[in-house]
Amino acid sequence: MKPNEIDEQLKRALRRCEPPEGFADRVLARVEREASRTTSRSVWTVWRWPFLRWAPIAALIVIAVTGISYQVHERQQEAEARAAKQQVMLALRITGSKLRVAKQKVKSVEAGKVENKL
Amino acid sequence: MKQFGIALLVIVISAMGARAQDFKMPVNLDRLAAKASETTEVTLNGRMLKLAQKFMNDEDDAEARELIKNLKGIYVRSFQFDSVGAYSDADLEAVRSQLKSPAWEKVVNVRSKTDGQNAEIYFKGDNPDRIDGLVIIAADPRELTVVHIDGPLDPSNIEKLGGQFGVPRVEAHPKSKPAKAGAQ
């Protein structure tokens, strides 16, 4: 093939020609359609992930379990504290009564000594 | 190096000394529970005392709350027996052996031959304004009680202790001479 022939072919191939009627509108319409389809598909795809689908339910369960555990813990601690308080009062009562016994004994002995001296 | 060794030895000895001052309820006392018709056991460590304080908000609890505020523990073992001679003096030896001078001082020692009611009170520490611990041994022919209050107690609190909780007040005189009383 001669160089002139190549030039001619290129000129023919690259010559300016008008697009068919309505081409630009069709292209724009298709672009718009494709864009909207991509967006809806991506949201749907994300929603179809099992993790995300169950996430709100899981979050609710976690919140509920945490709340219940906290309440149970609080109640247990309250019961423990009440029992501890009772134990404290019992221990102090016993201690007080034993101190009183010791005091009475000391007093009676001292009284006895005074009587002996008299 | 030698100085370091001596310093270490001093630290170890002081630590051992401090540990030796600590009183622990002897295990053999708990064995008496098997012979007892009634047993009262109170074991309250520092954590439990703090927990109890949370629910001592009533006006009636104010003094008890103040009393236990700085305590490290309260321990009570009390046994009531159906028969005389269910326990012996040897059972108390493990208690008394821990209450040695200079850490502990016996401030009351009552031994009665008439009714067999014996009482011993020991204070810990040598600060006249503060008692670092209290042990009471109250022994009747049919009852034995050991009380250990661990932690700082104001002498006035001991007075309160005797006066509150449904029993009359007792006058406490820390560091006073032991009242070696009674028909010993």
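**View 1. Chain A runs α-α-α from its N terminus.** Chain A has three helices and zero strands. Helices (H or I, at least four residues) and strands (E, at least two) are DSSP runs, numbered from the N terminus. Of the 118 residues of chain A, 14% are buried. A residue is buried if 20 or more other C-beta atoms lie within 10 Å of its own, exposed if 12 or fewer, and partly exposed in between, with C-beta atoms placed from the backbone. This is a predicted model: local features need pLDDT of at least 70, side-chain atom pairs count only at pLDDT 80 or more, and totals for chains, interfaces and linings use all residues. Residues are numbered from 1 along each chain as its sequence is written, while chains are lettered from A and ligands numbered from 1 in the order in which they are written.

**View 2. Chain B meets chain A.** Here 37 residues of chain B are in contact with 25 residues of chain A (C-beta atoms, placed from the backbone, within 7 Å). Helix 3 of chain B, residues 46-54, gives the most to the side of chain B that touches chain A: five residues.

**View 3. Helix 3 of chain B has buried residues.** They are B:Met48, B:Leu49, B:Leu51 and B:Ala52. These residues lie on the same side of helix 3 of chain B because they cover an arc of only 160 degrees around the axis. The arc is that of the directions from the helix axis to the C-beta atoms.

**View 4. B:Asp30 sits in helix 2 of chain B.** This helix covers residues 27-31. B:Asp30 is partly exposed because 13 other C-beta atoms lie within 10 Å. B:Glu41 is eleven residues away along the chain, and the C-alpha atoms of B:Asp30 and B:Glu41 are separated by 8.8 Å.

How values were computed:
Contact = placed C-beta atoms within 7 Å.
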